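Have the structure open while you read.

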Amino acid sequence: MAQSSTETDWVSRFADEVIAEAERRAPGKPVVVASGLSPSGPIHLGNLREVMTPHLVADEIRRRGIEVRHVLSWDDYDRYRKVPAGVEGVDESWAQHIGKPLTAVPAPAGSAYGSWAEHFKAAMVEALAELGVEYDPISQTEQYTNGVYREQVLFAMKHRGDIDAVLDQYRTKQKPGGKKPQQKPVDAAELEAAEGSGAAAEDDGSAEGAEYFPYKPYCGACGKDFTKVTSYDDATTELTYVCTEDGFTETVALDEFNRGKLVWKVDWPMRWAYEGVIFEPSGVDHSSPGSSFQVGGQIVHIFGGEQPIGPMYAFVGISGMAKMSSSKGGVPTPADALKIMEPQLLRWLYARRRPNQSFKIAFDQEIQRLYDEWDKLEAKVADGSVLPADAAAHTRAVRTAAGELPRTPRPMPYRTLASVVDITAGHDEQTLRILSDLEPERPLASLDEVRPRLDRAENWITTQVPADQRTLVREEPDTELLASLDDEGRESLRLLLEGLDSHWSLDGLTTLVYGVPKVMAGLEPDAKPTPELKVAQRTFFALLYRLLVTRETGPRLPTLLLAVGADRVRKLLAA
């Protein structure tokens with residue numbers, strides 16, 4: 001379904017702008033949008049915005065019947081800059097590879113992949129497939145080592161003076177009698193979050209007091225980029241470099257040499273021109289003067305191209321975590337998120353917020369509220385009461401131009417599923433019994449009806465909920481607590497047990513547990529709660545939790561009672 005530009009969602013507005021810009025620049029040609037990722041470590045959920053923003057725009061353009069390419073550049077020919085913390089199978093011995101291309105660094109110990117780059121690309125490729133993201137992958141290692149950019153490299157070297165003049169406007173060295181250029185401050189956490197894209201390496205290839213060269217060879221002896229070009233002949237393309245690491249020197253013909261790359265601040269705009277990129281968002285690390293995006297906007301003209309249009313995208317955080325940095329270790333990736341949430345929910349988080357709005361992805365208890373919000377949105381879509389912008393975000397979450405994403409046939413509330421698998425410890429037969437009891441008039445025939453949501457909820461319980469917050473149902477009654485109850489406490493338990501059989505459903509047990517304190521207060525079970533009654537209900541609930549699960553809180557009581565089963569409830573509550 002094509003979206004009109006009158007709709008209020010940000011994706012449609014960007015699609016309008018991109019289509020108009022493509023018509024101006026390259027009429028009749030496929031629209032090109034781009035992303036870039038560096039597999040320098042785990043590719044985290046902040047980096048996913050680099051892909052999701054152009055994906056959503058490209059998908060909208062595709063829905064309108066216009067040919068579009070989403071180019072995803074794997075910056076796997078970038079240098080290995082540092083050993084990331086917290087990566088399994090990696091220790092400080094990997095420091096010996098600093099300066100090599102990411103495709104020449106060994107993968108973490110035990111990996112099935114042949115290089116560092118391939119290892120970290122693999123998880124992202126799998127996650128993007130699950131998310132329904134369609135793209136054209138480009139390995140920068142393959143591009144450079146196969147000589148694809150040879151003409152562009154020679155052109156950049158020939159016009160190195162022009163490039164240097166642009167870069168010199170932004171260099172922050174102190175001018176005699178002057179001040180350093182003012183730079184817009186950027187939050188440190190957000191700068192950390194930018195790691196994982198090639199943009200993090202803000203190298204322009206300059207060297208104090210030496211002629212400027214925008215090209216860096218990888219050393220023929222050690223394979224690293226601690227090299228310095230000492231001379232270059234435009235006519236013969238003869239280039240000489242020396243490695244500052246091992247002293248190795250070599251003279252090569254650049255029109256035949258493929259073991260090197262343009263420095264990042266030149267490489268990126270070169271690619272814009274080469275690919276004809278119309279739209280590419282940029283991260284927060286580009287918000288200051290002199291950043292590669294800002295400078296690239298001028299350098300791209302030297303290559304005969306134009307800078308892409310596109311927004312600056314904001315920080316993506318994690319509930320309970322201050323910031324994301326792929327060098328710090330333990331940072332959640334899209335693959336981690338997809339273990340605890342369905343692809344539709346993750347797509348929705350990126351689709352519903354404008355790129356310049358920061359947001360958080362929940363790995364803590366907040367995920368239950370997030371799922372409640374999603375289910376309410378689904379209900380509004382179903383009954384036609386949804387607002388246009390919310391409808392657009394929902395549509396982008398559940399389907400792409402290629403079709404609808406696989407979904408859970410019967411999406412029971414996530415918090416209910418989580419509570420049940422918490423109590424049953426994932427026992428399938430017991431889980432099926434309890435979930436069937438939730439809606440006796442529509443019993444489940446198989447757990448497949450509630451998958452994959454059930455599996456996501458189970459993964460969340462087992463991997464994200466601390467052991468001391470897990471629900472452990474008592475094996476034996478707390479006889480000491482039961483003996484200490486006064487008459488009122490005993491009577492409240494008697495009323496509950498007496499009503500179990502006639503209220504054995506989720507709705508029935510909800511009425512029962514809220515109704516007992518009302519009856520105890522001399523009111524009807526359907527009486528409206530007063531402040532005093534709410535206090536009595538909380539006291540009653542705390543007693544039930546202590547008798548059932550040893551703590552004063554836990555899963556919703558109706559779900560807990562169903563999960564424990566009527567016979568066991570009687571055993572644990574009989575005073």
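In helix α1, the buried residues are Trp-10, Val-11, Ser-12, Phe-14, Ala-15, Val-18, Ile-19, Glu-21 and Ala-22; buried here means under 20% relative accessible area, exposed over 50%, and partly exposed in between (1.4 Å probe, protein chains only). What covers them includes β1, α2, α11 (343-351) and α13 (388-398), with contact meaning heavy atoms within 4.5 Å. This is a predicted model, where local features need pLDDT of at least 70 and side-chain atom pairs count only at pLDDT 80 or more, while totals for chains, interfaces and linings use all residues. Residues are numbered from 1 along each chain as its sequence is written, and side-chain values use heavy atoms, with hydrogens and water left out.

Helices (H or I, at least four residues) and strands (E, at least two) are DSSP runs, numbered from the N terminus. Helix α1 covers residues 10-25, and its 16 residues should span 22 Å at 1.5 Å a residue, which agrees with the 22 Å between its end C-alpha atoms. That expected span is 1.5 Å times one less than the number of residues.

Now for strand β1, one of the elements covering α1. Is it buried or exposed? Seven of the seven residues of β1 (residues 31-37) are buried, so the strand is largely enclosed by the rest of the structure. Both faces are covered: Val-31, Val-33, Ser-35 and Leu-37 lie on one side, with Val-32, Ala-34 and Gly-36 on the other.

β1 belongs to an open three-strand sheet with the order β1-β2-β3 and parallel pairing. β1 and β3 (136-139) are at the edges with a single partner strand each, so one side of each has no neighbour in the sheet. From one strand to the next, the twist averages 25°, taken between axes that are lines fitted to C-alpha atoms (for helices over the stretch in contact), with angles from 0 to 180 degrees between N-to-C directions. Two strands count as paired if DSSP finds at least two bridges between them; β1 and β2 (residues 68-74) have seven, in the parallel sense. Together with helix α2 (residues 45-63), β1 and β2 make a right-handed β-α-β unit: with the strands pointing away from the viewer, the path from the first strand over the helix to the second runs clockwise.

There's a second open sheet of three strands, in the order β5-β6-β7, and its pairing is antiparallel. Its edge strands, β5 (227-232) and β7 (249-253), each pair on one side only. Five bridges join β5 to β6 (residues 238-243).

| Residue | Partner and its strand |
|---|---|
| Val-33 | His-70 in β2 |

On to the loops. Thr-408 sits between β12 (403-404) and α14 (414-424) and is buried, at 4% relative accessible area. Its side chain makes a polar contact with the side chain of Glu-342 at 2.7 Å, and reaches the backbone nitrogen of Arg-453 at 3.1 Å. A polar contact is a pair of N or O atoms within 3.5 Å; within protein, one must be able to donate a hydrogen and the other to accept it, and residues adjacent in sequence count only if both atoms are side-chain atoms.

Gly-276, in the loop between α8 (264-275) and α9 (292-302), is partly exposed at 35%. Leaving aside neighbours within four places in sequence, Gly-276 is in contact with Val-32 and Arg-271.
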